Amino acid sequence: MKITVLGFWGGFPQKEEGTTSYLVESDGYSLLLDVGSSTLIQLEKIIDPLTLDAVILTHYHHDHIADLGVLQYLRQLKPTQSVAELPIYGHMEDTWHFDQLTLPKVSKGIGYEPSKELEVGPFSITFLKTIHPVPCFAMRIVEKATGKIFVFTADTGYFEELADFCYRADLLITDTYFLEGNENHHAHLTSKETGELAEKAQVKKLVLSHLKQNIDLAILKEQTEKYHHHSVETLLASTQLKITI
Ligand SMILES: [Zn+2]
Ligand SMILES: [Zn+2]
């Protein structure tokens, strides 16, 4: 499976680079994971958004859904012939936001049940509720044909169960918003917590994402690497970064 970073800043876009969104592709199937600010502009560089097969959302904070409405409008207004209704998977713990996922003949909101495994095209997805001010779910996405594992922590503070959930991921993308010294935050991870998580979970590759605009990102990466073995390849997320696992 191939994962492409479409946006990686936390909270708001900056200097032509957007907030959380990843394109996850396998065997001709395209799944969009979160739809942050600037997603459409970056997505169009890879595929025609009309060919997108499904969308899945971790939670309904603006930096993860900012471009969802315009994606719906694109699918409504652009086609010259009929395009299939786009399935948009989201949790149902916030019905006001969940209801926005459905636009008749354009997109259909589908609630995921966090305690159950979800099949989406070539992927099998499991969920873990995170530590965050609103309901939010980490996702473990397994490519069924190969068994390759991509885990996205979504937005979260540190908690014990995360390590098991990320266990032996081929790729782990984290919400590493803070430098060391801000541990046990109610919404996001620090560099230290990320490094310890990668170490405990024995992940193969780590990408630090949901980055904070006004901190030194080289220091964030250095601090993370201090807490795990150097065999874990660690990268800072960047626009159009592509990883094949
Ligand atoms: Zn966020
Ligand atoms: Zn959030």
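This talk goes through the zinc site, the cysteines, the aromatic pairs and the salt bridges of a predicted model.

I will start with the metal. Four residues coordinate the zinc ion written as ligand 2: His59 through NE2, His61 through ND1, His132 through NE2 and Asp155 through OD, at 2.2 to 2.3 Å. Along the chain, these donors follow the spacing H-x1-H-x70-H-x22-D. What is the geometry of the site of the zinc ion (ligand 2)? It is irregular, with angles of 91 to 166° among the 4 donor atoms.

His59 is buried, at 0% relative accessible area. Asp155 also counts as buried, at 2%.

Next, the cysteines. How many disulfides does the structure hold? The count is 0. Take Cys136, which is in no disulfide; the nearest cysteine sulfur belongs to Cys166 and is 13 Å away. Seen from Cys166, the closest cysteine sulfur is that of Cys136, and 13 Å is too far for a bond. Cys136 is buried, with a relative accessible area of 0%, and Cys166 counts as buried at 0% too.

On to the aromatic residues. A search of the whole structure gives 6 aromatic pairs. One of them is Tyr112 with Phe137, edge-to-face, with 5.8 Å between the centres and 90° between the planes. Tyr112 lies in the loop between β7 (107–111) and β8 (118–120), and Phe137 in strand β10 (residues 137–143), so this pair ties together parts 25 residues apart in sequence. Tyr177 is buried with a relative accessible area of 14%, and Phe178 counts as buried at 13%. Going back to Tyr112 and Phe137, they form one aromatic cluster together with Phe127.

Last, the salt bridges, of which the structure holds 8. I will show three.

Glu93 bridges to Lys129, with the closest N and O atoms 2.7 Å apart. Glu93 is in the loop between β6 (86–90) and α4 (95–99), while Lys129 is in strand β9 (residues 123–129), so the bridge ties together parts 36 residues apart in sequence. Both ends are partly exposed: Glu93 has a relative accessible area of 43%, and Lys129 has 42% relative accessibility.

Lys204 and Asp170 meet in a salt bridge at 3.1 Å, N to O. Lys204 is in the loop between α6 (191–201) and β14 (205–209), and Asp170 is in the loop between α5 and β12 (171–178), so this pair ties together parts 34 residues apart. Here Lys204 counts as partly exposed at 49%, whereas Asp170 is buried at 9%.

The third is local. Glu225 and Lys221 form a salt bridge with the closest N and O atoms 3.4 Å apart. Both lie in helix α7 (residues 217–226), 4 residues apart, about one turn of the helix. Lys221 is partly exposed, with a relative accessible area of 24%.

Note on methods
Residues are numbered from 1 along each chain as its sequence is written. Chains are lettered from A and ligands numbered from 1 in the order in which they are written. This is a predicted model: local features need pLDDT of at least 70, side-chain atom pairs count only at pLDDT 80 or more; totals for chains, interfaces and linings use all residues. Side-chain values use heavy atoms; hydrogens and water are left out. Rings of Phe, Tyr and Trp (its six-membered ring) pair if their centres lie within 6.5 Å; planes under 30 degrees apart count as stacked, over 60 as edge-to-face and the rest as tilted. Helices (H or I, at least four residues) and strands (E, at least two) are DSSP runs, numbered from the N terminus. Buried means under 20% relative accessible area, exposed over 50%, partly exposed in between (1.4 Å probe, protein chains only). Donors are N, O and S atoms within 2.8 Å of the metal (3.2 Å for Na, K and Ca); water is not among the atoms, so sites may look incomplete. Four donors count as tetrahedral if all angles lie between 85 and 135 degrees; four count as square planar and six as octahedral if opposite donors are over 155 degrees apart and all others between 65 and 115; anything else is irregular. A disulfide is a pair of cysteine sulfur atoms within 2.5 Å. A salt bridge is a side-chain nitrogen of Lys or Arg within 4 Å of a carboxyl oxygen of Asp or Glu.
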